[in-house]
Amino acid sequence: MKETIIAVVLITLVVGLCIFTTKYTVSFCDEIYASVSDCVTAVRQNDWELAKKHIEAAEDAFDKKSSVLEAFVMHQDISEAHGVVLKISAAVDTKAADICISEATSLLGQIRRLSESDRLTLSNIL
Amino acid sequence: MTVSFARTVILYLLIIFALRAMGKRQVGELSPSEFVITLLASELATIPMQNSGTPLIYGIMPILALLALEMLISSLFLKSRRIRKIAVGKTSILIENGKINQPEMRRLRLTLDELLEELRLKGFIDINLVKYAILESNGELSVFPFSKDQPATREDIGKKDDSTFLPHTIITDGVLIRSEIKNLNKTEKWVYNELSKKGIASYKDVFLMQADENGRVCIIPKEKKK
């Protein structure tokens, strides 16, 4: 009976942790995705101030959440994405629209992969 | 480097906890599922141990999941014989009443050489001496000779049963274990009496003292440091 209770507690713990990590990763990715998409829209509209505001929001999200995120996402994936955010920020500062849009497109792809890879879908399981 | 060390300590403790929670059985006595889980757990622990870029949880989560599943399945084994049969397999009788069970050997893909080797390892050089040979679910072969070839027991030679009791360790390396005195239904005074019979003044001078319910006492004094 004791073993069964320990097993049930362990399974609950593991499942709970899985749900938490998935939700945290997905919410983080959604936040970054929204900020970067808004930044790209602002760049296309030539509103550099708004673009700066959005990319700074993405940077803030990375600064605040990357330490927790590193506990359950491959460190390399996070540092790569963070690096691209910094590149976009630099491009916004220099008002280099082409670099900004191309880097943002690549970042959106990375973020989507990161978010999708943790979802409980049949393709991910298989 | 310190990160690697810290990760190794955490994973080591986790593996020890996992193996301890799985039970006290030794590697040779593990069931197929336990054996596979032991291998998997140790393999899973090495991934985050070697690569500090991999989150520790990638090792911890699957190990805990495996442990929990193993514990649940073990509980189910206790409740259902059918589930146990599916997961662990059943025992196979390879020799029955001295006759080799050839269909069973073919089913298990076991050669005669392998059977003879196992019998030799069990101390049976002649297959004719074996009445039963049973392949247990953990892969061990149990061998039972014909009764005429079995060693004589005390009863066979008309000797009375000499009950053996488990000795209680009363003193170990100068430390008196009071709970064991109580288990033996004796008092501390009795211990001192036994020690004085051997000319020992204090239990601190005793390396080992054991006693059983038959009244047998063994006292080994500490050797003086040179």
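**Close-up views of a two-chain predicted model**

Figure 1. The structure shown here and in the following views is a predicted model. In chain A, Asn46(A) is found in the loop that lies between helix H1 (2-44) and helix H2 (48-69). Most residues other than glycine have a negative phi.

**Figure 2. Asn97(B), a residue of chain B with a positive phi.** Asn97(B) is placed in the loop between strand E1 (92-96) and strand E2 (99-100) of chain B. For Asn97(B), phi is near 50°, again a positive value in a residue other than glycine.

**Figure 3. Lys53(A) in helix H2 of chain A.** Helix H2 of chain A holds Lys53(A). With a relative accessible area of 58%, Lys53(A) is exposed, since exposed residues are those over 50%.

**Figure 4. A nonpolar surface patch on chain B.** The residues that make this patch are Phe5(B), Val9(B), Tyr12(B), Leu13(B) and Ile16(B). The area of the patch is about 520 Å². One of its members, Val9(B), lies in helix H1 of chain B, which covers residues 2-22. Val9(B) counts as partly exposed because its relative accessibility is 37%, a value in the class between under 20% for buried and over 50% for exposed.

**Figure 5. The interface of chain B and chain A.** The size of an interface is often given as the accessible area lost when the parts come together. Between them, chain B and chain A bury about 1,400 Å². Carbon and sulfur atoms account for 76% of this buried area. Chain B brings 18 residues to the contact, and chain A brings 17 residues. The count of salt bridges between chain B and chain A is zero. Two residue pairs are in polar contact across the interface, both at pLDDT 80 or more. On the side of chain B that touches chain A, H1 and helix H3 (57-79) of chain B each supply at least two residues. H3(B) gives the most to that side, with 12 residues.

How values were computed. Residues numbered from 1 in each chain as written. Chains lettered and ligands numbered in written order. Predicted model: local features only at pLDDT ≥ 70, side-chain atom pairs only at ≥ 80, totals over all residues. Heavy atoms only, no water. Patch = residues over 30% accessible without salt bridge, like charges linked within 9 Å, V, L, I, M, F, W, Y side chains within 5 Å. Areas by Shrake-Rupley, 256 points an atom, 1.4 Å probe, with all protein chains shown as cover. Salt bridge = Lys/Arg side-chain N within 4 Å of Asp/Glu carboxyl O. Helix = DSSP H or I, 4+ residues; strand = E, 2+ residues; numbered from the N terminus. Buried < 20%, exposed > 50% of the residue type's maximum accessible area, 1.4 Å probe, protein only. Contact = heavy atoms within 4.5 Å. Buried area = accessible area lost by both parts, 1.4 Å probe. Polar contact = N/O pair within 3.5 Å; in protein donor to acceptor, adjacent residues only side chain to side chain.
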